[in-house]
Each structure stands twice: as C-alpha cells, then as structure tokens.
Amino acid sequence: MRTLALILALAVPATADAHEVWVERDANGPARIYLGEPAEALPPGGDPEFKRLVAPRIVGQSNVQLQRKAGYLEAAVPAGDVRVIDDSVFAPWGEDGAKEGVAYYARAGRSDIATRMPYEIAPLTSGGNRFALTKGGKPVAAAKITLITPGRKSVELTAGADGALAVPIAGRGRYLLTAAQAETGKLRVAAGAVDKLHHIATTSFVVE
C-alpha cells in the first residue's frame with residue numbers, strides 16, 4: 001500500500017509539470033480554453049486530465065458562462081485579447097514543509113501590449129512578433145520561452161537582457177508561446193498553502 005501511495009503522490013507533480021492551460025480564439029469568435037499538452041495532438045474527447053479544468057477565471061470578465069465541449073471549455077467574450085488564470089487545476093502535492101502547487105496564466109491574442117496577469121507573455125508592439133515574459137508587468141531577463149509552431153514543432157527561445165525576444169514566423173497558422181517560472185516562499189493556491197509555486201504562462205496567436 002505504501003508503494004502505491006508513493007506512486008500516486010509522484011504522479012500528480014509529473015502530470016502538473018507536463019500539462020498547460022492555453023486559450024485559442026479565431027478572430028472575435030468564442031474563446032476555447034484547453035488543458036493538456038499543446039505540442040501533442042488532442043486526443044478524442046480531450047486530454048485525460050481535462051476533467052480537472054473546472055473553474056478558470058477570465059480576467060476582466062464576470063458572470064461568463066463556460067460551456068463544456070469535447071476537450072475544451074468555450075466562452076463567449078467581447079472582442080480582443082483573452083486572458084485566463086487558474087490555480088485550482090491541481091491540488092498541492094508533496095510533504096508538509098515542501099508542498100508544491102501550480103498556477104496557470106493563459107492568453108490568446110497579441111493586439112494589446114498591456115499586461116493584466118502576474119505572469120504573462122505579452123507582445124511588445126500591437127500585432128508584432130517581439131514578445132516578453134513579464135512578472136508583475138516587467139520583462140524577465142534571459143527568460144526561456146518555448147515556441148510551438150502550427151506544425152507542432154517546439155523551438156526553444158531565450159530572451160535578451162532586456163527580456164525581449166523575436167518569434168520566428170514561418171507561414172500561416174496558430175503559434176503558441178509557453179514559459180515556466182518557479183517561486184519559493186509562503187505562498188497559496190486555491191486549495192491551500194504551498195512552499196513552491198510553479199507559474200506557467202502561455203500565449204497563442206494566429207497568423208493569417
């Protein structure tokens with residue numbers, strides 16, 4: 001029984017680390033909120049962990065109705081970029097005194113250069129190809145960001161000392177940027193206190 005408990009305890013952080021929340025939007029249509037692995041093809045019916053995506057918060061919007069679809073949540077939102085925060089997907093894991101948790105910050109669109117989330121991958125110019133991972137609205141120097149191309153190829157990028165990086169665009173389709181930062185201290189997620197918090201940010205945008 002102790003072996004089984006250990007396996008289950010280890011499975012949660014591995015899953016949390018591998019999964020991301022991201023948002024897709026076509027023009028000004030509804031936002032689609034996913035949980036899974038964006039570099040992989042979505043399984044029929046969605047990722048096995050999709051059931052954990054229950055209460056994402058759309059920044060700046062209240063009383064938004066979320067409709068559960070096959071593999072994503074759909075929300076009708078006003079025109080413009082969409083931002084979503086969720087720290088309730090995975091409960092804290094680990095031993096007392098070394099609890100870990102994860103918070104997701106997802107964005108779709110690159111028209112607004114403002115940042116509205118604690119961690120956010122934002123464009124430096126409206127509609128441009130230069131981005132920065134921001135923490136508290138300020139670019140993170142030398143941040144590591146992964147680009148997932150429309151063909152699901154992963155490209156590792158590194159920001160400069162000013163936090164900026166240029167995203168290589170090669171053709172039409174949906175591009176997705178993802179980055180992770182860890183923070184230690186007396187912190188909290190929706191389900192309780194943690195000693196280490198993994199911040200995972202994504203931004204998607206479409207090239208016509």
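Colleague: Are Tyr-105 and Tyr-119 buried or exposed?

Modeller: Both Tyr-105 and Tyr-119 are buried, a word used here for under 20% relative accessible area, against exposed for over 50% and partly exposed in between, with a 1.4 Å probe and protein chains only. This is a predicted model, in which local features need pLDDT of at least 70, side-chain atom pairs count only at pLDDT 80 or more, and totals for chains, interfaces and linings use all residues. Residues are numbered from 1 along each chain as its sequence is written, and side-chain values use heavy atoms, with hydrogens and water left out.

Colleague: What confidence does the model carry along the protein chain?

Modeller: The mean pLDDT, the predictor's confidence in each residue on a scale from 0 to 100, is 92 for the protein chain, and 92% of its residues reach 70 or more. Residues 1-12, however, have a pLDDT below 50, and beyond near neighbours in sequence this stretch has 2 contacts in the model, where a contact means heavy atoms within 4.5 Å.

Colleague: How many aromatic pairs are there, and what makes the pair of Trp-22 and Tyr-34 a stacked one?

Modeller: Rings of Phe, Tyr and Trp (its six-membered ring) pair if their centres lie within 6.5 Å, with planes under 30 degrees apart counted as stacked, over 60 as edge-to-face and the rest as tilted. By this rule there are 5 aromatic pairs. For Trp-22 and Tyr-34 the ring centres are 5.1 Å apart and the planes meet at 10°, so this pair is stacked. Trp-22 belongs to strand S1 (residues 20-25) and Tyr-34 to strand S2 (residues 31-36), so the pair ties together parts that are 12 residues apart in sequence; strands, here, are DSSP runs of E with at least two residues, numbered from the N terminus.

Colleague: Why do Trp-22 and Tyr-34 count as buried?

Modeller: Trp-22 has 6% relative accessibility and therefore counts as buried, and Tyr-34, at 8%, counts as buried too. Trp-22, Tyr-34 and Tyr-72 form one aromatic cluster.

Colleague: How is the pair of Tyr-105 and Tyr-119 classed, and which parts does this pair tie together?

Modeller: Their rings lie 5.8 Å centre to centre with 35° between the planes, and the pair is tilted. Tyr-105 is in strand S7 (residues 100-108) and Tyr-119 in strand S8 (residues 119-123), so the pair joins parts that are 14 residues apart in sequence.

Colleague: How do you know that the charged end of Arg-68 sits over the ring of Phe-50?

Modeller: The term requires NZ of Lys or CZ of Arg to be within 6 Å of the ring centre and within 35 degrees of the ring normal; the charged end of Arg-68 meets it, at 4.2 Å from the centre of the Phe-50 ring.

Colleague: What makes S3 and S12 the edge strands of their sheet?

Modeller: This open sheet of 7 strands has the order S3-S6-S7-S15-S14-S11-S12 with mixed pairing, and two strands pair if DSSP finds at least two bridges between them. Strand S3 (57-58) and strand S12 (154-158) are the edges, as each pairs on one side only. S7 pairs with strand S15 (residues 192-207) in the parallel sense over 9 bridges, and Gly-101 stands opposite Leu-197 in S15. Strand S6 (residues 82-86) pairs with S7 in the antiparallel sense over 5 bridges, with Ala-106 in S7 as the bridge partner of Val-84.

Colleague: Why is strand S11 described as largely enclosed?

Modeller: In strand S11 (residues 144-148), 4 of the 5 residues are buried, so the rest of the structure largely encloses this strand. S7 is mostly covered, with 8 of its 9 residues buried. S11 and S12 run antiparallel and are joined by 5 bridges, forming a hairpin with 5 residues between them, where Arg-152 in the turn has a positive phi of about 65°. Leu-147 has Val-155 in S12 as its bridge partner and stands opposite Leu-177 in S14.

Colleague: Why is one side of S1 and of S4 left without a neighbour?

Modeller: An open sheet of 4 strands runs in the order S1-S2-S5-S4 with antiparallel pairing. S1 and strand S4 (66-68) stand at its edges with a single partner strand each, so one side of each has no neighbour in the sheet. Within this sheet, 3 bridges join S2 to strand S5 (residues 73-75), and Arg-32 stands opposite Glu-74 in S5.
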